[in-house]
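This briefing sets out how the secondary-structure elements of one chain are arranged and which residues form the contacts between them. The points are grouped by topic.

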Amino acid sequence: MVGTKKTRRKLKRIVHIDNTAMGHSHLTSIADVITGAYRFVVTEPDKDKVGTVLLNALVDIMWSVPEGNDVNVRERGICIRPLEIKNSAIKADVDSLVSRLEQWSKP
């Protein structure tokens, strides 16, 4: 709702408005660091040791579903879009990433 009580109207396209002051959003800062570290190890093929440590630490805080002795984070903590990839070169890159993530998740 926007405006005074007499002129209020619902904004159809705005779902959420938020603001914060510097130093008050520690969760956002942590998410920023984790996202940057994840991006770094994913885009650098020689960072598998760091990727293993990082992914195994993140799995504990990711949305997941237990599957036997494993934890499935696909479509919960890690969502790759689009679901159907038609370009064969991009599909090969995504398949390679998924394979690396699966290797990293093994203790």
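In this predicted model, H1 and H3 pack at an angle of about 110 degrees, with their axes 11 Å apart. An angle from 65 to 115 degrees counts as roughly perpendicular, and H1 and H3 are therefore roughly perpendicular to each other. H1 passes H3 in a right-handed crossing.

**Contact of H1 with H3**
- On the H1 side, the contact with H3 is made by Tyr38, Val41 and Val42.
- H3 contributes Leu97, Arg100, Leu101 and Trp104 to this contact.
- By residue class, the contact of H1 with H3 comprises six nonpolar residues, no polar residue and one charged residue.

**Contact of H2 with H3**
- The axes of H2 and H3 come within 8 Å and cross at roughly 70 degrees.
- H2 and H3 are therefore roughly perpendicular to each other.
- The crossing of H2 and H3 has a right-handed sense.
- Asp48, Gly51, Thr52, Leu55 and Asn56 of H2 meet Arg100, Leu101 and Trp104 of H3.
- The residues of this contact divide into three nonpolar, three polar and two charged.

**Contact of H1 with H2**
- Helix H1 (residues 26–43) and helix H2 (residues 48–59) have axes that come within 10 Å and cross at roughly 140 degrees.
- That angle makes H1 oblique to H2.
- The crossing in which H1 passes H2 is left-handed.
- Ile34, Ala37, Tyr38 and Val41 of H1 make the contact with Val50, Gly51, Leu54 and Leu58 of H2.

- In soluble globular proteins, nonpolar side chains tend to be buried together.
- The largest nonpolar core has 15 residues, of which Leu55, Met62, Ile78 and Trp104 touch the most other members.
- H1, H2 and helix H3 (88–104) each supply at least two residues of this core.
- Leaving aside neighbours within four places in sequence, Met62 is in contact with Leu55, Val73, Gly77 and Ile78.
- Leu55 and Trp104 also take part in the contact of H2 with H3.

- Asn72 is found in strand S2.
- The relative accessibility of Asn72 is 19%, and Asn72 therefore counts as buried, the cut-off being under 20%.
- Not counting residues up to four places away in sequence, Asn72 touches Ser64, Val65 and Glu67.
- Asn72 and Val59 are 13 residues apart in sequence, and their C-alpha atoms are 9.0 Å apart in space.
- Pro82 lies in the loop between strand S2 (70–72) and H3.
- The peptide bond from Arg81 to Pro82 is cis, with omega near 0 degrees.

**Chain as a whole**
- The chain has three helices and two strands, and from the N terminus on its elements run α-α-β-β-α.
- Of the 107 residues in the chain, 17% are buried.
- Among contacts between residues at least 6 apart in sequence, 40% join residues at least 24 apart.

Notes: Residues are numbered from 1 along each chain as its sequence is written. This is a predicted model: local features need pLDDT of at least 70, side-chain atom pairs count only at pLDDT 80 or more; totals for chains, interfaces and linings use all residues. Side-chain values use heavy atoms; hydrogens and water are left out. Axes are lines fitted to C-alpha atoms, for helices over the stretch in contact, and angles run from 0 to 180 degrees between N-to-C directions. Helices (H or I, at least four residues) and strands (E, at least two) are DSSP runs, numbered from the N terminus. Angles under 35 degrees count as roughly parallel, over 145 as roughly antiparallel, 65 to 115 as roughly perpendicular and the rest as oblique. A crossing is left-handed if the near helix is turned anticlockwise from the far one by less than a right angle, and right-handed if clockwise. Contact means heavy atoms within 4.5 Å. A nonpolar core is a set of buried Ala, Val, Leu, Ile, Met, Phe, Trp, Tyr and Cys residues joined through side-chain atoms within 4.5 Å. Buried means under 20% relative accessible area, exposed over 50%, partly exposed in between (1.4 Å probe, protein chains only). Ala, Val, Leu, Ile, Met, Phe, Trp, Tyr, Cys and Pro count as nonpolar, Asp, Glu, Lys and Arg as charged, and the others, Gly among them, as polar.
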